[in-house]
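Reader: Hi! I'm new to this one, could you walk me through it?
Author: Happy to, let's have a look together.

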Amino acid sequence: METFNHSRISEFVLLGLTDSPELQILLFVVFSLFYLITVLGNCLILLTVLFTSQLHSPMYFLLSNLSLIDLCLSSFATPKMILDFFAESKTISFGGCISQIFFLHLFTGTEIVLLISMSFDRYIAICKPLLYSTIMSQKVCVGLVVASWTVGFLHTLSQLIFTLYLPFCGPNVIDSFFCDLPLVIQLACVDTYVLGLFMISSSGAIALVSFLLLLTSYIIVLVAIRDHSSSGSSKAFSTCTAHFIVVLMFFGPCIFIYVWPFTSFLVDKILSVFYTIFTPFLNPLIYTLRNQEVKTAIKKKLSKQSSNIRKTTKRYPVQ
């Protein structure tokens with residue numbers, strides 16, 4: 001039997017976003033702030049939903065899982081990209097590169113299914129309110145989350161199963177800030193055009209179909225609310241528009257990169273930044289922090305913590 005991998009290279013070289021020292025300093029500051037806010041925002045949402053009994057409902061359960069995925073999606077490559085801005089040699093081991101591909105497709109595949117689950121939750125809540133508690137039971141919610149991670153895991157395995165058996169004997173330069181399937185496949189020492197086109201376009205087709213399903217669900221929800229009340233329609237339109245912007249920012253780059261692969265590297269870099277950095281940053285703002293119940297719960301928690309600190313300070317004054 002042949003060995004598991006025919007690779008004669010031990011690492012890949014990442015060219016990053018730019019080779020300009022001035023731009024690297026600027027991008028280091030910008031992306032460090034984005035990453036810090038993303039981590040703090042998503043952690044705050046997770047803890048708020050977990051420790052606030054009023055938020056123990058199907059919608060917030062799904063939202064908290066979205067925050068968890070966004071936390072993971074923003075962390076699989078961004079910390080290394082930030083550190084690489086000051087690294088003379090931007091390299092990543094072969095195993096590290098494969099791991100980035102694995103986690104990228106795991107988290108994006110999981111988020112796609114979870115976004116569909118969230119739209120289904122809103123459809124049931126608005127179009128079938130009398131059956132909502134029956135349909136969206138705790139068992140169903142947990143099942144939707146488990147199904148999301150299962151689909152994400154199976155999807156990433158389907159992408160890697162052939163990649164691991166490709167021979168990589170050089171070159172080893174990747175014109176991006178992380179390893180992605182379209183870029184890595186091109187470095188194989190065999191003709192992978194047909195295989196790569198099939199694997200990558202299949203990911204694009206999944207993203208495109210999922211996007212159309214989400215778009216359809218939002219349209220159905222808006223039509224249903226419009227038929228009930230004009231004031232509710234205005235609020236729902238605002239909410240769904242905000243949701244759709246995030247969905248578009250996540251799915252747009254994925255569809256472009258994976259439906260039309262092997263395009264301009266500069267375009268791919270810009271689009272990759274959107275769904276790995278900007279989308280996890282915006283999701284807490286769009287999906288949760290605009291929600292009055294969540295904002296009220298966060299304010300109560302912060303106010304309680306501030307009060308406890310003041311009491312502790314008064315009890316044990318600094319000498």
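This is a predicted model: local features need pLDDT of at least 70, side-chain atom pairs count only at pLDDT 80 or more; totals for chains, interfaces and linings use all residues.

Reader: What about β1 and β3, parallel or antiparallel?
Author: Strand β1 (residues 11–14) and β3 run parallel, with 2 bridges between them. There, L14 has I174 in β3 as its bridge partner.

Reader: Which residues of β1 are on its covered face?
Author: F12 and L14 are on the covered face, while E11 and V13 are on the uncovered one.

Reader: Okay, helices next! How do α1 and α2 cross?
Author: Helix α1 (residues 21–51) and helix α2 (residues 58–73) cross at roughly 150 degrees, and their axes come within 9 Å. An angle over 145 counts as roughly antiparallel, and α1 and α2 are therefore roughly antiparallel to each other. Their crossing is left-handed.

Reader: Which residues meet there?
Author: From α1 you have V39, N42, C43, I45, L46 and V49, and from α2 they meet Y60, S64, S67, L68, D70 and L71. Sorted by class, this contact of α1 with α2 has 8 nonpolar, 3 polar and 1 charged residues.

Reader: Nice. At what angle do α2 and α4 pack?
Author: The angle between α2 and α4 is about 160 degrees, and the axes are 10 Å apart. By that cut-off of over 145, α2 and α4 are therefore roughly antiparallel to each other. The crossing of α2 and α4 is left-handed.

Reader: And which residues make that contact?
Author: On the α2 side, the residues include P58, M59, L62, L63 and L66. On the α4 side, L104, F107, L114, L115 and M118 are among them. The contact of α2 with α4 divides into 13 nonpolar, 4 polar and 4 charged residues.

Reader: Changing topic: is D84 buried or exposed, and where does D84 lie?
Author: D84 lies in helix α3 (residues 78–84). With a relative accessible area of 9%, D84 is buried, because buried means under 20%.

Reader: What is D84 in contact with?
Author: Leaving aside neighbours within four places in sequence, D84 is in contact with L14 and K90.

Reader: Which residues is Q100 in contact with?
Author: Again leaving aside neighbours within four places in sequence, Q100 is in contact with F76, A77, K80, I92, F178 and C179. I92 is the residue in β2 that F12 stands opposite.

Reader: How far apart are Q100 and F76?
Author: Along the chain they are 24 residues apart, and the C-alpha atoms of Q100 and F76 are separated by 6.4 Å.

Methods. Residues are numbered from 1 along each chain as its sequence is written. Side-chain values use heavy atoms; hydrogens and water are left out. Two strands pair if DSSP finds at least two bridges between them. Helices (H or I, at least four residues) and strands (E, at least two) are DSSP runs, numbered from the N terminus. Axes are lines fitted to C-alpha atoms, for helices over the stretch in contact, and angles run from 0 to 180 degrees between N-to-C directions. Angles under 35 degrees count as roughly parallel, over 145 as roughly antiparallel, 65 to 115 as roughly perpendicular and the rest as oblique. A crossing is left-handed if the near helix is turned anticlockwise from the far one by less than a right angle, and right-handed if clockwise. Contact means heavy atoms within 4.5 Å. Ala, Val, Leu, Ile, Met, Phe, Trp, Tyr, Cys and Pro count as nonpolar, Asp, Glu, Lys and Arg as charged, and the others, Gly among them, as polar. Buried means under 20% relative accessible area, exposed over 50%, partly exposed in between (1.4 Å probe, protein chains only).
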